[in-house]
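Colleague: Before we discuss the labels in your annotation, could you put the model up, so that we can go through the terms one by one?

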Amino acid sequence: MAIIEDRVKIRIVGYDQEALDNVVKKFTTTLKEEGVEMSGPIPLPTHRELYTILRSPHKHKDSREQFERRIHKRIITAKLSQKALNALSGIKLPSSVSVSLVLESK
């Protein structure tokens, strides 16, 4: 079982907080089952975007509609083995969640 020399940052991003937390639980339980040394999940600040749309630009200028989009983020750092990486790649993700792996140099 070969261990990668550098640590890997697993960045999990999603619009739905419940779906994101479910994916994070799956990742952490899989890593614990494989015996991987890890830290996290670390919650990052939520990115919030607000949009205001005028419903009627001429007569009713005060008639507005507001929308909000929140992006939730978590980070897990771990020293992954090839076996653990294969186990993580088998996890099914919902469409509202994306995962990226970044090698952390020493």
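Colleague: What makes arginine 48 count as partly exposed?

Modeller: This is a predicted model, in which local features need pLDDT of at least 70 and side-chain atom pairs count only at pLDDT 80 or more, whereas totals for chains, interfaces and linings use all residues. Residues are numbered from 1 along each chain as its sequence is written, and side-chain values use heavy atoms, with hydrogens and water left out. Buried means under 20% relative accessible area, exposed means over 50%, and partly exposed is what lies in between, with a 1.4 Å probe and protein chains only. Arginine 48 has 49% relative accessibility, so it counts as partly exposed.

Colleague: How do you know that glutamate 68 forms a salt bridge with arginine 48?

Modeller: A salt bridge is a side-chain nitrogen of Lys or Arg within 4 Å of a carboxyl oxygen of Asp or Glu, and the closest N and O atoms of glutamate 68 and arginine 48 are 2.5 Å apart. Because glutamate 68 lies in strand β3 and arginine 48 in strand β2, the pair ties together parts that are 20 residues apart in sequence. Glutamate 68 is itself partly exposed, at a relative accessible area of 42%, and Arg48, Glu68 and Arg70 are linked in a network of salt bridges.

Colleague: Which salt bridge does glutamate 49 form?

Modeller: Glutamate 49 pairs with arginine 69, with the closest N and O atoms 2.6 Å apart. Here glutamate 49 lies in strand β2 and arginine 69 in strand β3, so this pair ties together parts that are 20 residues apart in sequence. Glutamate 49 has a relative accessible area of 22% and is partly exposed, and arginine 69, at 33%, counts as partly exposed. A search of the whole structure finds five salt bridges.

Colleague: Is arginine 74 buried or exposed?

Modeller: With a relative accessible area of 12%, arginine 74 is buried. Arginine 74 forms a salt bridge with aspartate 21, the closest N and O atoms being 3.3 Å apart. That pair links distant parts of the chain, since aspartate 21 is in helix α1 and arginine 74 in strand β3, 53 residues apart. Aspartate 21, at 28% relative accessibility, counts as partly exposed.

Colleague: What order do the four strands take in the open sheet?

Modeller: The order is β2-β3-β1-β4, and the pairing is antiparallel. The edge strands, each of which pairs on one side only, are β2 (38–54) and β4 (97–104). Helices (H or I, at least four residues) and strands (E, at least two) are DSSP runs, numbered from the N terminus, and two strands pair if DSSP finds at least two bridges between them. Between β2 and β3 (residues 64–78) there are 13 bridges, and isoleucine 42 has isoleucine 75 in β3 as its bridge partner.

Colleague: Which residues does glutamate 34 touch, not counting residues up to four places away in sequence?

Modeller: Contact means heavy atoms within 4.5 Å, and glutamate 34 touches Lys83, Ala84 and Ala87. Glutamate 34 has its place in the loop between α1 and β2 and, at 24% relative accessibility, counts as partly exposed.

Colleague: Why is phenylalanine 67 called partly exposed?

Modeller: Phenylalanine 67, which lies in strand β3, has a relative accessible area of 39% and is therefore partly exposed.
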